[in-house]
Amino acid sequence: MKKRSFILSMLLLATGLSGRLVAQDKIKVSSFSTILTEIATTVGGARVDVTAHLKPGVDPHDFEPKPSDMRAVAASDLVLLSAKHMEGYVGRLQEATGTRGKFVHVGDSLPSLKLTVQHGDHTHDGEDPHWWHSIRNIVRATKTVRDELTRISPADKAAFAANASAYISRLEALDQWVKLKVAELPRDRRKLVTNHDAFGYFAKEYGFTVMPIAGVSKNAQPGSKAVSELINAIKSAGVKAVFSEDVANPKAVQEITRETGAVFGGELLSDGLGPKAATVEAMFKYNVTTIVDALKK
Ligand SMILES: [Zn+2]
């Protein structure tokens, strides 16, 4: 009897305690990038409540915020943006939600590559927005997110630092894996023909030359002159395989493989995490394996 009431009072105490723990509000984070969602969730751990506005598999070039997105942003302490002109709606977001939370344009603190090809209506002002194809950029973004979370909750500084450094170690191991895999490919074979000009940062990091079929927008139709020029370039460079994206229009790729004898090497993941790769690590392993195995044949 005595024992039971002791257990009961311990239970009540624990409930009361957890009630107080819940009362210590989590940091509300709004993320507009699947990559930043992974970073914020990993670095913030149990102290953050991350709303992923960009769901896995959604094209960030076409995304438009809904009223429910606006409401979540209005309640957020931190709003993480991919930036480099990816979120054309950011002004509307800020206007509609006021200034309660801090908007962090993560990509804008990272080095920029110019886009060499511009087609269709998506030009991104000539700045390549696909910074997450460089692991070094993901490491830099992780430090930015760590510092912003620490600014909001200085008491959690040590935990955020530990989470970030564990994640960065995993990214560095991934970078080593990518370098080893790419080393299977002689330098003169590192030529990347893709439908969507999204791999500039990847190419710079790992010594590839990009030969994009269309521009930044996956839906843009390349002109016939551009395609025939590319066909000639592929023939003279002896490129073995060409690639496309998960949601790309395959027409130009089919014409190119027919005319050049290059094989279709597979679909690459260009615009973030999705059903085929739920993590940054899975995305790199999938893309790099697809590219290297097709080009080394
Ligand atoms: Zn893209």
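Biologist: Where is the place of A83?
Modeller: A83 sits in the loop between β3 (78–81) and α4. Helices (H or I, at least four residues) and strands (E, at least two) are DSSP runs, numbered from the N terminus. This is a predicted model: local features need pLDDT of at least 70, side-chain atom pairs count only at pLDDT 80 or more, and totals for chains, interfaces and linings use all residues. Residues are numbered from 1 along each chain as its sequence is written.

Biologist: How do I read phi, and what is the phi of A83?
Modeller: Most residues other than glycine have a negative phi. A83 is not a glycine, yet its phi is positive, at about 65 degrees. K84 lies in that loop between β3 and α4 too. Its phi is near 50 degrees, again a positive value in a residue other than glycine.

Biologist: Is A83 buried or exposed?
Modeller: Count C-beta atoms, placed from the backbone: 20 or more others within 10 Å is buried, 12 or fewer is exposed, in between is partly exposed. A83 has 22 others within 10 Å, so A83 is buried. K84 has 20, so K84 is buried as well.

Biologist: How many of the chain's residues are buried?
Modeller: Buried residues are 39% of the 297 in the chain. The chain has ten helices and eight strands. Now contacts: two residues touch if their C-beta atoms, placed from the backbone, lie within 7 Å. Take the contacts with a separation of 6 or more; residues 24 or more positions apart account for 62% of them.

Biologist: How do I read helix packing, say α3 with α4?
Modeller: Two packed helices are described by the angle between their axes and the distance between the axes. Axes are lines fitted to C-alpha atoms, for helices over the stretch in contact; angles run from 0 to 180 degrees between N-to-C directions. Helix α3 (residues 67–74) and helix α4 (residues 90–97) have axes that come within 9 Å and cross at roughly 60 degrees. That is why α3 and α4 are oblique to each other. The scale: under 35 degrees is roughly parallel, over 145 roughly antiparallel, 65 to 115 roughly perpendicular, the rest oblique.

Biologist: Which residues make that contact?
Modeller: M70, V73 and A74 from α3 meet L93, A96 and T97 from α4. By class, five are nonpolar, one is polar and none is charged. Ala, Val, Leu, Ile, Met, Phe, Trp, Tyr, Cys and Pro count as nonpolar; Asp, Glu, Lys and Arg as charged; the others, Gly among them, as polar.

Biologist: At what angle do α5 and α6 pack?
Modeller: About 175 degrees, with the axes of α5 and helix α6 (residues 157–182) 10 Å apart. So α5 is roughly antiparallel to α6. The contact includes I135, I138 and V139 of α5, and Y167, I168 and L171 of α6. Its classes are twelve nonpolar, two polar and four charged residues.

Biologist: What span should α5 have?
Modeller: The expected span is 1.5 Å times one less than the number of residues. For the 18 residues of α5 that gives 26 Å; the end C-alpha atoms are 26 Å apart, so the two agree. Buried residues of α5 include I135, N137 and I138.

Biologist: What does V139 touch?
Modeller: V139 belongs to helix α5 (residues 135–152). V139 touches I168 and L171, leaving out residues up to four places away in sequence. Its C-alpha atom is 8.6 Å from that of Y167, 28 residues apart along the chain. V139 counts as partly exposed because it has 16 C-beta neighbours inside 10 Å.
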